[in-house]
Each structure stands twice: as structure tokens, then as C-alpha cells.
Amino acid sequence: MTVDDTGSGADGDGRVDPEPGPESGDSGEDPLALRLEGLILGAERRYTPFQAARSAGVSMELASRFWRAMGFADIGQAKALTEADVLALRRLAGLVEAGLLSEAMAVQVARSTGQTTARLAEWQIDSFLEGLTEPPEPGMTRTEVTYPIVELLLPELQEFLVYVWRRQLAASAGRVVQAGDDEEMVDRRLAVGFADLVGFTRLTRRMEEEELGELVEAFETTAADLVAARGGRLIKTLGDEVLYAADDAGTAAEIALRLIETMANDETMPELRVGIAFGTVTTRMGDVFGTTVNLASRLTSIAPKDAVLVDSAFAEELIRTRDAPASEAVAAEEAADAEKEGEQPPAYRFALQPMWQRPVRGLGVVEPWLLTRRGGGGES
């Protein structure tokens, strides 16, 4: 719930008007919704936005910036905020006052947290609680079962959320401290991949909404599991497309081919195409930006069905790390030399085939490479 910047609610000498806005009981809101809010927030409505800002010791302008960054709607000067809202505001402002965060960074913290948890909350209500609160017996209303279900689930979900957040924070912090220098913490060299369902627009015209939703959920779930299991990071999902990143080219290549192989074995799924690029990437609020990301997206759009296209920098990285030979001729020569010496030939995982150079909108002429698995089989 955000605020306006008018500072209404106080008279000329700065004293707070004791009744600056409508009480919650007069707002016309559903009584169960208010009970659920009190249960989830653990506090009752006590403050207008102006009162909350004043109690937290911050300006209305800063309070407005924080609350809007968290993604809450304007409420004017209604008495709708709780002690928890005041405490959160005080904590953020305290980090700024202590010099631990700049004001701009504190706003980014509020925005990133708000955006991430908003999506999580929407999913939990739409997909999770909706199913659990179906009336268990004829004649019972959802209203009668919602409150006790939420009361039981709330502490468990909260503990699990904190656990996952700490795990993710530990993993992210580990990656940062392993960076070579301060610049690499922000502008890093990563492999970035897009995986895109082929013909998704046509599917939206043929399939019922529920079927389409199930297909998208199955695709996103499969992709997320594969990316995580193989050591990559899922950046975001866009319905018919997923964006992932990996610290090294070999990991990104394995994820891409595994995605193609898995989807090809599922008759309910459309064909998939993947584009990967390797290079400097700017990271902000969990997302990735830059020419490398744009190039990966363009490669996806021109990739054949059930195939992976990579850029020349990615191909060079696979060759450098000995994950792929420079060519099959080179691989054959190395195998012959190894046989003469009585040694094992290099065990390359991937094969690269140069494709025709072509102009790519906004990026000039690029040389795509077709990525395949050597030997044609999948990894166990």
C-alpha cells in the first residue's frame, strides 16, 4: 500500500490529525478479507501513511518511494498500515542512515524484493490456496475453510521461504566472492541461453486456455528443473520462452541439449529451439542485460527446430576448454596421434558445425555454429 506525497493528515504545526482517513470498518471491505489480512500481517491497521512515516522518522517523500518500489497501490490517507509497515520503513531508512546502503540502493532492495515476492504470492493464492480451500463438504463455503487453512499454513510457508532465501543468498554470495575483481561482480562473462517453444502463437489459437496453461507450466517446470540440476541459473520465464545463464560454456551447452532431448521425448510438447551466446553480461536485480543477451535472443529466433545455435565466442570457449574440437578433422587427427602413442584420444562432449554468416538485426553480421552432442546420444 503506497502513499501520496501531500502530507495530508497534519495541521500547520505538524501535529497529526487523529482522524485523517476512513477507518477500515467503514471502507466497505469484506470482513473475511480484513480478518485474513490481520492474520497474515500479524497486526491491526493503526496508521495512515503520513502517521506511519512520522512514526518511522522518515519523510513522506522517502516513505512514498519505498512503498511504491515495493509495488503497493496508493491508498491516499486511509488508516490501513500496521506496526509492521512502520518497522519495515524504519529498517530501510536505518540502513541508509548507517551508510550501509545508499538511498537509491535501498529503493532497489525494496523494488526487487517486492517484485519477486509479489509473483510468489500470486502463484500461491492462484494455484495453491485456491485448490486447498475447495469446500471439503457440500454446503460449506470457501469462506468457512479459508481462514483455518491459512492459519495452519502460514508459519510453515514463512519458515520455508526464509530457508530458500538464505540458500539462494549463500549461493549468490559465493559466486560474487569468487569473481576476479570488482568490475566482474557487475559485468561478468557468462553463457546466456534462450529456449523458445516453436509455433507457440499458433497453439494459443488452437488450444483451450486451461490446456495452454498446463503446457506452459509443464515447460517452465521442466526447464527450471533441468537448468538447476545441471548447474545453471534460471533468470526468468516468459511463457513460451526461458532465459538461463551459466558460468561456463560447457554447462550452458549441456543444459541446451538436455532441454532439446527432453522436450523431443514428450509428445505433448512442441519443438524447441535454443540460442546461446558467451560474453560480458551486466546483471541487475537478478536479470541480465547487454549485447550478449541480445545476441542469444537473435540466435534463438533463427535456430532450426529442435536445434541449438551458438555464437562464435561460445564456440571458441568450448574449444578452449576442450569440450569440443575445433573441427572433426582435428578430432580425427588427434585420435590417430593418440592411437600411435598408445593413449586415449581426447573425450570431447560436443561437436560444432559452422553455419553461413548472416546479418542479424541490430548486431551486424554473425557466424552461428550448430551445437550437437558428439556421438549423437544423450548423457546419462
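Buried here means under 20% relative accessible area, with exposed over 50% and partly exposed in between (1.4 Å probe, protein chains only). This is a predicted model, where local features need pLDDT of at least 70, side-chain atom pairs count only at pLDDT 80 or more, and totals for chains, interfaces and linings use all residues. Residues are numbered from 1 along each chain as its sequence is written, and side-chain values use heavy atoms, with hydrogens and water left out.

**View 1. Helix 3 (residues 60-69), a mostly covered helix.** Of its 10 residues, 7 are buried. Those buried residues of helix 3 are Met60, Leu62, Ala63, Ser64, Phe66, Trp67 and Ala69. Just after helix 3 comes Gly71, with a positive phi of about 95°. For the bookkeeping, helices (H or I, at least four residues) and strands (E, at least two) are DSSP runs, numbered from the N terminus.

**View 2. Helix 2 against helix 3.** The two axes come within 9 Å and cross at roughly 110°. Axes are lines fitted to C-alpha atoms, for helices over the stretch in contact, and angles run from 0 to 180 degrees between N-to-C directions. Helix 2 and helix 3 are therefore roughly perpendicular to each other (angles under 35 degrees count as roughly parallel, over 145 as roughly antiparallel, 65 to 115 as roughly perpendicular and the rest as oblique). Pro49, Phe50, Ala52 and Ala53 of helix 2 make the contact with Met60, Ala63 and Trp67 of helix 3; contact means heavy atoms within 4.5 Å. By class, that gives 7 nonpolar, no polar and no charged residues. In this scheme Ala, Val, Leu, Ile, Met, Phe, Trp, Tyr, Cys and Pro count as nonpolar, Asp, Glu, Lys and Arg as charged, and the others, Gly among them, as polar.

**View 3. Helix 2 (residues 49-56) crossing helix 4 (residues 83-97).** Here the axes come within 9 Å and cross at roughly 50°, so helix 2 and helix 4 are oblique to each other. On the helix 2 side the contact is made by Ala52, Ala53, Ser55 and Ala56, and on the helix 4 side by Val86, Leu89 and Arg90. Sorted by class, the contact of helix 2 with helix 4 has 5 nonpolar, 1 polar and 1 charged residues.

**View 4. Strand 6 (residues 307-310), covered on both faces.** Ala307 and Leu309 on one side and Val308 and Val310 on the other are all buried. Strand 6 pairs with strand 4 (residues 272-284) in the parallel sense over 4 bridges, and with strand 10 (residues 369-373) in the antiparallel sense over 3 bridges. Two strands pair if DSSP finds at least two bridges between them.

**View 5. The hairpin of strand 2 and strand 3.** Strand 2 (residues 233-237) and strand 3 (residues 241-246) pair in the antiparallel sense over 4 bridges. Lys236 stands opposite Leu243 in strand 3. There are 3 residues between the strands, and Gly239 in the turn has a positive phi of about 80°.

**View 6. Asp196 in strand 1 (residues 187-197).** At 9% relative accessibility, Asp196 counts as buried. Leaving aside neighbours within four places in sequence, Asp196 is in contact with Asp240, Glu241, Glu271, Leu272, Arg273 and Thr300.
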